[in-house]
Every structure is written in structure tokens, then in C-alpha cells.
Amino acid sequence: MNTVRLNAYAKLNLTLDVTGKEGEYHTLDSLVCSVNLFDRIVVKKRKDALVNVTMRGMGSEEIPPEKNNAVKAAEAFVSRFRTQGADITVYKNIPIGAGLGGSSADAAGALLGLSKLYKTEDFSALKEIADRIGSDAGYMLTGGLARLTGRGTQAEFLGAFPRLHFLLLCPKEGVSAGQCYGAYDKAAQTNAPCTQAAVAALKQNDLHAFGGLLKNDLYGAAASLCEGVKRALEEAKSFSPLGAAMTGSGSAVFALFETEELCAWAKSRYRGKFRAYVVKTVTNKKKGARSPFALSEEEREFN
């Protein structure tokens, strides 16, 4: 095997409670899920130990190598496992700076691709590398529905759950996570936690109660930094979804609908200026599988 191709899926923070700080890092309690919006990653074996990453699409060509998480992940993999290098191409579909975990997904995708290419099976080592690169990169190695705590590196994967359908609105302007958390600290606001209740509602398959619990503590801070965040959330709510919230530190927002047809209806009537997507949750159906390679072909499709 000389080439591996895989999808690196975006995530949504269905809830996000900021719970405190550990040193310079914020701690959180967040319910997250993978959705079928993904970057396509192609990993080709090299005969030397060099790593070359080429980015294509969504303005990703301008990301400097020293700030590219796919580069960091691939170089760390080669150093850790003493393998040959790789030429990696990332075809971006996940908007940048939107809170959708695109850079962490690319890091995880690079690690998984290299792991398959060089037949390494040390998942603990992959997780260790991923956790050093980004707080949610370790979660991205598996994806699915999970509750993230601490800095986001501690994941409790949840069992079977109903497929969820969302209208996703993405402002062109991104939000810096660092600036967003800084604005959150300055605002010094406190919010009632919702993650525990949201998990309980979802386990009971009560989507109406669940929709009312969608919330992100960082929303006010992100909206103060990016006018599009507030406008996008207002537009998402205008379609009377079960619930709506911002993901990550912004700038993307999502609206939860009861069916895929209602999502498609909302998108067909959307007249705003933001990029709009209909997305749904994806999960790894192969019990015990640790990578997206086990996903079905239907789950690999992008709406």
C-alpha cells in the first residue's frame, strides 16, 4: 500500500459549558458529534523521512506550515514511529475559523492515514500526539457522539442515539479561539450548565427537550468579535427549529430539525448571505472500531 485516502469529519458542539480554568487553559463540559461535512485527505508514502503537506480550498493555501496542525501531526508521527515520510494533500471543505474543528480533523486524519499506511496500531500513541496538538484532536481520531470534559481531551463516548439533522450557517468571517476565550474572561459572565440535562434528554430520545438545551457559553464573546455570529443565529432561529446554537468558539451556527426534509426545506428558503449546508450526524457503526475507515459508504457522502 502506497496511498491512503480518507475523510476527516467536522464536529458540532451541541452544548458547551465553560467550567473553569487549568493554568492558561479553559476547562469545559461539551456534548459533541461528528457530521458529514469533511475534508478529503490523501496520504502518499515517501522514500525519505520528509513530510510535505499541500492544502487546497477554503483559503487553506495561506496557512503557514508552522501553524498547520496536519503538518505538526504528521511530523510528530514520523518522529514517534521512526517511519518514512509522506506527501499529504488536504482538500478543504470544512470552513476555517468556524468552530467546526477543521484543523483538528486534519491532524487526526493525517495521523490515521499515516497509521494505516505504515501499519501502526498503537492508538494510545496516536491519542497522545493528537492531544498535544489540539484539545479536540484526540476525539477526532474516533468521532461520533461524545461528552468532552477537562480541556476537551477527556472523552466519554455515548451509545446508540437517533440521527440528528442540522441546517448549518457559516459566516465568511472566522473567530479566533484565543480572542474568543479572552473576551469571555473579560465579560465575567456565568451561565447555568446544560450538558448533563442535554445528554439525559438525548438518551430518552426526547428531541424537543434536547433542542431547548442547545447552548454555548462562548456565544456572547464570539458575537462581540464577529457581527455575523449574531446574525447567523437569528437567521437560523427564524425557521423555528427544535433549537439552535453556535459551535465551538464560532463563527458557525446550527439549527436542529426533526427530519432531514425539514432541514432541506429551510435551506431551500434561506435567502441570507452565509454559506448554508444540510448536515447530519455520522457514527462509527463497527463496534470497537477506532477510525473512520469503518464508516459505511452512505456515511461518507457529503450533502
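Me: Is the crossing of α1 and α2 right-handed or left-handed?

Reply: This is a predicted model. In it, α1 and α2 cross in the right-handed sense.

Me: Which residues of α1 and α2 make the contact?

Reply: From α1 come N69, A70, A73, A74 and F77, and from α2 come S103, S104, D106, A107, A110, L111, L114 and S115. Sorted by type, the residues of this contact are eight nonpolar, four polar and one charged.

Me: How should I describe the packing of two helices?

Reply: The description uses the angle between the two axes and the distance between them. Here the axes of α1 (residues 69-81) and α2 (residues 102-117) come within 7 Å, with a crossing angle of roughly 30°. Angles under 35 degrees count as roughly parallel, and α1 and α2 are therefore roughly parallel to each other.

Me: Now the strands. Where do the side chains of a regular strand go?

Reply: They alternate between the two faces of the sheet. In β8, H165, L167 and L169 point one way, while F166, L168 and C170 point the other way.

Me: Is β8 mostly covered or mostly open?

Reply: Strand β8 (residues 165-170) is mostly covered, with six of its six residues buried.

Me: Which residue of β11 stands opposite L168?

Reply: F254 does. The pairing of β8 with β11 (residues 253-257) is antiparallel and runs over five bridges.

Me: How many bridges join β8 and β12?

Reply: Six bridges, again in the antiparallel sense, with β12 spanning residues 275-282.

Notes: Residues are numbered from 1 along each chain as its sequence is written. This is a predicted model: local features need pLDDT of at least 70, side-chain atom pairs count only at pLDDT 80 or more; totals for chains, interfaces and linings use all residues. Side-chain values use heavy atoms; hydrogens and water are left out. Axes are lines fitted to C-alpha atoms, for helices over the stretch in contact, and angles run from 0 to 180 degrees between N-to-C directions. Helices (H or I, at least four residues) and strands (E, at least two) are DSSP runs, numbered from the N terminus. Angles under 35 degrees count as roughly parallel, over 145 as roughly antiparallel, 65 to 115 as roughly perpendicular and the rest as oblique. A crossing is left-handed if the near helix is turned anticlockwise from the far one by less than a right angle, and right-handed if clockwise. Contact means heavy atoms within 4.5 Å. Ala, Val, Leu, Ile, Met, Phe, Trp, Tyr, Cys and Pro count as nonpolar, Asp, Glu, Lys and Arg as charged, and the others, Gly among them, as polar. Buried means under 20% relative accessible area, exposed over 50%, partly exposed in between (1.4 Å probe, protein chains only). Two strands pair if DSSP finds at least two bridges between them.
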